[in-house]
Amino acid sequence: MYFFLRHFSLVEVLYTTTIVPRMLADLLSSCPTIPRASCFTQLYFFALFGIMECCLSTAMAYDRYAAICRPLHYPTLLNQAACVGMVGASYLMGVITGTTHSIFIFTLPFHGANTVHHFLCDILPVLRLASGSPFWGEVGNLAVTVAFILTPFSLIVISYACILATILGIATSQGRRKVFSTCSSHLFVVMLFFGTGTVAYMTPQAGSFRDMDQILAVFYTVVTPMLNPFIYTLRNKEVTGAMRRFMKRYLWSP
C-alpha cells in the first residue's frame, strides 16, 4: 500500500503543480495570456500526469481488493515484481499516450481564434481552436477517455463491489465499520475524480458549455488533489500515530 502511495503522491504533486500555480497567476492578472509553447507544455504534462494518476488509482484499487478479498493470496498477487510492474506500466502509459495525444493536437492548424476559454490548456478547449474540422481530434480524445478514464473507473467500481460483498460477510459489526469507513472515503474521492472527468470528456456537448466545463475541471484538478492527503494519510492510524510522535518529539518537547 505504501509503495503505491509514494508514487501516487509524487504524481499528484506534479499534476497539481502543472495547473494550480499558473491558474493562481492568471487569477491575479487583469489580462492573462499564455504563449503557444507554454500552452503546449501545460497540456502535455496535464495529460501525462492525469493518465498516470488514473492508472495508479486502478492499481491501488486492485491492491485493496487483494488485501480484503484475498488476504491469503496477497503476498503472491502483490509481490515486489507485480507492484513494480504496475507502477512502471502506469508511467509508461502516461508517457506514450500523453506524448502522442499532445503532439497530434498541436500539429493541427491554428489560424483562427486564439482565446482558450478555460483556466488551463485543457484538451477540449484547445481542440476547439483548431482550424477546420476537429473530427479526428475528438475521436482521439474519446478513445483516450474510454481507455484511461471510463475503463479504470469501471475496474475500480468492480473492485469496490467485490470489497463491499466481502465486508457484508464479515462476522463482527466493528470489523465491518472499520473496513467500510476506510473504503467509503477512498471510493468517494475516486468517484469525484473519475465522475467529473467522465462528464467533462464524454458527454455529447463536452467542451461546449464553458462555465460548466470549468466547474467540472475544478473538481478533478483542485478539489480531488486537495482531499487525497486527508483520505489516504490522515485516516490511516499508522500515519496519524507517526505524526503525533513527530509533533510530540520536535514541536511540543520543552
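This report describes the fold, helices, side-chain contacts and surface of a predicted model.

## Basis of the model

Residues are numbered from 1 along each chain as its sequence is written, and side-chain values use heavy atoms, with hydrogens and water left out. Because the model is predicted, local features need pLDDT of at least 70 and side-chain atom pairs count only at pLDDT 80 or more, while totals for chains, interfaces and linings use all residues.

## Overall fold

The chain has nine helices and zero strands. Both element types are DSSP runs, numbered from the N terminus: helices are H or I with at least four residues, strands are E with at least two. From the N terminus on, the order reads α-α-α-α-α-α-α-α-α.

The C-alpha trace spans about 65 × 50 × 35 Å along its principal axes. Of the 254 residues in the chain, 40% are buried. Buried means under 20% relative accessible area, exposed means over 50%, and partly exposed lies in between (1.4 Å probe, protein chains only).

## Annotated segments

The unreviewed UniProt entry carries the annotation "transmembrane region". According to that record, the annotation covers residues 43–62, 83–106, 142–171, 183–203 and 215–234. The positions are given in the numbering used here, feature names are shortened, and annotations may be inferred rather than shown by experiment.

Two of these segments can be set against the model. Residues 43–62 are 100% helix and 0% strand, with end C-alpha atoms 29 Å apart. Residues 83–106 are also 100% helix and 0% strand. Their end C-alpha atoms are 35 Å apart.

## Helix H2

Helix H2 covers residues 36–69. H2 has 34 residues and should span 50 Å at 1.5 Å a residue. The expected span is 1.5 Å times one less than the number of residues. The end C-alpha atoms of H2 are 49 Å apart, which agrees. H2 is mostly covered, with 24 of its 34 residues buried.

## Aromatic pairs

A search of the whole structure gives 10 aromatic pairs. Rings of Phe, Tyr and Trp (its six-membered ring) pair if their centres lie within 6.5 Å; planes under 30 degrees apart count as stacked, over 60 as edge-to-face and the rest as tilted. One of the pairs joins tyrosine 15 and phenylalanine 46. This pair is stacked, at 5.9 Å centre to centre with 20° between the planes. Tyrosine 15 lies in helix H1 and phenylalanine 46 in helix H2, so the pair ties together parts that are 31 residues apart in sequence. Tyrosine 15 is buried at 1% relative accessibility. Phenylalanine 46 is buried at 6%.

Phenylalanine 45 and phenylalanine 49 also form a stacked pair, at 5.7 Å centre to centre and 20° between the planes. Both lie in helix H2, four residues apart, so about one helical turn separates them. Phenylalanine 45 is partly exposed at 30% relative accessible area, whereas phenylalanine 49 is buried at 10%. Elsewhere, ring pairs link Phe40, Phe106 and Phe110 into a cluster.

## Salt bridge

Side chains of opposite charge can pair when their charged atoms come close. The model has one salt bridge, defined as a side-chain nitrogen of Lys or Arg within 4 Å of a carboxyl oxygen of Asp or Glu. The partners are aspartate 26 and arginine 22, at 3.5 Å from N to O.

Both residues lie in helix H1 (residues 2–28). They are four residues apart, so the separation is about one helical turn. Aspartate 26 is partly exposed, with a relative accessible area of 22%. Arginine 22 is partly exposed at 27%.

## Helix H4 and the surface

Helix H4 (residues 80–106) contains phenylalanine 104. Phenylalanine 104 is partly exposed at 33% relative accessible area. Phe104, Trp136 and Val139 form a nonpolar surface patch with about 320 Å² of accessible area together. Patches are made of residues with over 30% relative accessible area and no salt bridge: like charges are joined within 9 Å, nonpolar side chains (Val, Leu, Ile, Met, Phe, Trp, Tyr) within 5 Å. Accessible areas come from the Shrake-Rupley method with a 1.4 Å probe; for residues, only the protein chains shown count as cover.

Alanine 81 is in helix H4 as well. Alanine 81 is exposed, with a relative accessible area of 62%. Its C-alpha atom is 17 Å from that of alanine 67, 14 residues away along the chain.

## Helix H7

Tyrosine 201 sits in helix H7 (residues 173–202). Tyrosine 201 is buried at 10% relative accessible area. Tyrosine 201 and methionine 93 are 108 residues apart in sequence, and their C-alpha atoms are 19 Å apart in space.
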